[in-house]
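The questions below work through one structure, shown here. Each answer ends on the value or name asked for.

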Amino acid sequence: MYSRIRELREDKDLFQKDIAEYLHCSQVAYSRYELGLRDIPTEVLIALAKYHNTSVDFLLGLTDNKTPYSK
């Protein structure tokens, strides 16, 4: 379900624990986000979009455009 967050993480050669530290959650919780076993809270989606410089829509698979929206 959330394969894009895994792809973005792996593209940067990061470990789950690295992103988990950024999000202030456990590696297990982050792993469950990637596997789709746990829904990602809105604030975490926003944080991930900012971290990866993309849009929440891209993370959710609603668009294939990685470019974030302008403010």
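This is a predicted model: local features need pLDDT of at least 70, side-chain atom pairs count only at pLDDT 80 or more; totals for chains, interfaces and linings use all residues.

Q: Which helices each supply at least two residues of the lining of the largest pocket?
A: Among the lining residues are Ala-49, Lys-50, Val-56 and Asp-57. Helix α4 covers residues 42–51, and helix α5 covers residues 56–59. The helices that each supply at least two lining residues are α4 and α5.

Q: How many charged residues does the lining of the largest pocket have?
A: Lys-50, Asp-57 and Lys-71 are among the lining residues, and Asp and Lys count as charged. The lining also has 4 nonpolar and 3 polar residues. The number of charged residues is 3.

Q: Which element supplies the largest share of the largest nonpolar core?
A: The core has 16 residues, and Ile-5, Leu-23, Tyr-30, Ile-40, Leu-48 and Leu-59 touch the most other members. Helices α1, α2, α3, α4 and α5 each supply at least two residues of this core. The largest share, 5 residues, comes from α4.

Q: Which residues does Leu-23 touch, not counting residues up to four places away in sequence?
A: Leu-23 is one of the core residues that touch the most other members, as are Tyr-30 and Leu-48. Both of these are also contacts of Leu-23. Not counting residues up to four places away in sequence, Leu-23 touches Tyr-30, Val-44, Ala-47 and Leu-48.

Q: Is Gln-16 buried or exposed?
A: Gln-16 is found in helix α2. Leaving out residues up to four places away in sequence, Gln-16 touches Arg-9, Gln-27, Tyr-30, Ser-31 and Glu-34. Its relative accessible area is 16%, and the cut-off is under 20%, so Gln-16 is buried.

Q: Which helices do the buried residues of α3 pack against?
A: Helix α3 spans residues 27–35, and its buried residues are Ala-29, Tyr-30, Ser-31, Tyr-33 and Glu-34. Of these, Tyr-30, Ser-31 and Glu-34 touch Gln-16, a residue of α2. The helices packed against are α1, α2 and α4.

Q: Which residue just after α3 takes a positive phi?
A: Helix α3 covers residues 27–35. The phi just after the helix is about 80°. The residue is Gly-36.

Q: Which element has the highest mean pLDDT?
A: The mean pLDDT of the chain is 94, and 99% of its residues reach 70 or more. Helix α5 has the lowest mean among the elements, 94. The highest, 98, belongs to helix α2.

Technical notes:
Residues are numbered from 1 along each chain as its sequence is written. Side-chain values use heavy atoms; hydrogens and water are left out. pLDDT is the predictor's confidence in each residue, from 0 to 100. Helices (H or I, at least four residues) and strands (E, at least two) are DSSP runs, numbered from the N terminus. Buried means under 20% relative accessible area, exposed over 50%, partly exposed in between (1.4 Å probe, protein chains only). Contact means heavy atoms within 4.5 Å. A nonpolar core is a set of buried Ala, Val, Leu, Ile, Met, Phe, Trp, Tyr and Cys residues joined through side-chain atoms within 4.5 Å. On a 1 Å grid over the protein atoms alone, a cavity is a set of points where a 1.4 Å probe fits but cannot get out, and a pocket is an open set with protein on both sides within 12 Å along at least five of seven lines; lining residues have an atom within 4 Å of a point.
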